[in-house]
Amino acid sequence: MGWFLEGLNSSVGKKFIMAVTGICLIFFLVIHLINNLTLYGGPDLFDTVVLNLDSIKPLVRVAEVILLVVFVLHIVYGTYLWYENKKARPVKYKINASSKNSDIYSRTTFVTGSIIFIFLVIHLRTFWFAFNFGNPLTDLHHYFQFTADTFQNPIYSFFYIIAMVLLGYHLNHGFQSAFQTFGWNNKKYFSFIQKLGTIYALIMAIGFASIPIYFLFFYGGN
Ligand code: HEM
């Protein structure tokens, strides 16, 4: 067991945890986006989807606990790696262009990650809390209406849109970084992975941001 924990605490072990948890979150976001896109089907479809998920609550709870562990590991190890990186490079001496680039990348990934964390806290407080612990609308199973009303607030919606741009940036770098950790940095495959990562990041950023944009500017119904 000691050797296992030691391995996880090594620099490679930490990067490996970041990559594995990152890939899990990449999958979660695909499912979450598909789920959210049912909002475009109107109140009946979205409310039915939420109610169906409610009918398998124990399973959803298990998935949420796994998700929580994955998020916590990703955030804790990400912060740890950023801190070690910062400690190792006090920026007092000249560094070459490529290490400078990777430094900028790891720093901006930490900054975008931190803002996404703040987004997540606000997001869960608004949606997960209301959907699970009640609100005048969600108690009546008017989940769609609750979502539409929430995004009528321009400040809230603009915060989401900005957070989704940063999420796209974070995912674009995170995607290729995870595959690099798994050793897929062969030139031929890596340019494919890079393109795939960019396409994935764009779909996620545009897909999620489209929801506040739709409710703020295009949704007229009540
Ligand atoms: C416009 C974009 C988004 C909308 C409309 C949205 C909507 C929702 C809703 C309605 C819930 C509550 C589901 C329930 O408890 O039944 C939820 C939960 C959650 N959301 Fe989002 N979400 C969005 C973006 C995101 C993003 C970008 C992330 C991650 C970075 C995220 C992470 C989560 C997590 C972790 C949960 C709790 C687990 C779950 O219930 O699935 N969401 N979201």
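H170 lies in helix α7; helices here are DSSP runs of H or I of at least four residues, strands are E runs of at least two, and both are numbered from the N terminus. With 23 C-beta neighbours inside 10 Å, H170 counts as buried. The term buried applies if 20 or more other C-beta atoms lie within 10 Å of a residue's own, exposed applies if 12 or fewer do, and partly exposed covers the range in between, with C-beta atoms placed from the backbone. H170 and I116 are 54 residues apart in sequence, yet their C-alpha atoms are 8.9 Å apart in space.

## What kind of model this is

This is a predicted model, in which local features need pLDDT of at least 70 and side-chain atom pairs count only at pLDDT 80 or more, while totals for chains, interfaces and linings use all residues. Residues are numbered from 1 along each chain as its sequence is written.

## The overall plan

The protein has eight helices and zero strands. Of the 222 residues in the protein, 17% are buried.

Let's look at α4 (57-88). The buried residues of α4 are H74, Y77 and G78.

## How helices pack

Two packed helices are described by the angle between their axes and the distance between the axes. Axes here are lines fitted to C-alpha atoms, for helices over the stretch in contact, and angles run from 0 to 180 degrees between N-to-C directions. The axes of α7 and α8 come within 8 Å and cross at roughly 170°. These two helices, α7 and α8, are therefore roughly antiparallel to each other; angles over 145 degrees count that way, under 35 as roughly parallel, 65 to 115 as roughly perpendicular and the rest as oblique. The contact of α7 with α8 has 21 nonpolar, seven polar and no charged residues. In this scheme Ala, Val, Leu, Ile, Met, Phe, Trp, Tyr, Cys and Pro are nonpolar, Asp, Glu, Lys and Arg are charged, and the others, Gly among them, are polar.

Helix α7 also meets α2, at an angle of about 130° and with the axes 9 Å apart. That makes α2 oblique to α7.

## Around the ligand

There are 20 residues around the ligand, and N36, F127, F131, F208 and I211 come nearest. A residue is near a molecule if its C-beta atom, placed from the backbone, lies within 6 Å of it. The shell around the ligand has 14 nonpolar, five polar and one charged residues.

Several helices contribute: α2 (11-37), α3 (43-54), α4 (57-88), α5 (97-133), α7 (154-181) and α8 (187-218) each supply at least two residues of the shell. Helix α5 gives the most, with eight residues.

G113 has its place in helix α5. It is partly exposed, with 19 other C-beta atoms within 10 Å. The C-alpha atoms of G113 and A163 are separated by 10.0 Å, although the two are 50 residues apart along the chain.

H141 is found in the loop between α5 and α6 (143-150). Phi of H141 is near 65°, a positive value in a residue other than glycine. H141 counts as partly exposed, with 15 C-beta neighbours inside 10 Å.
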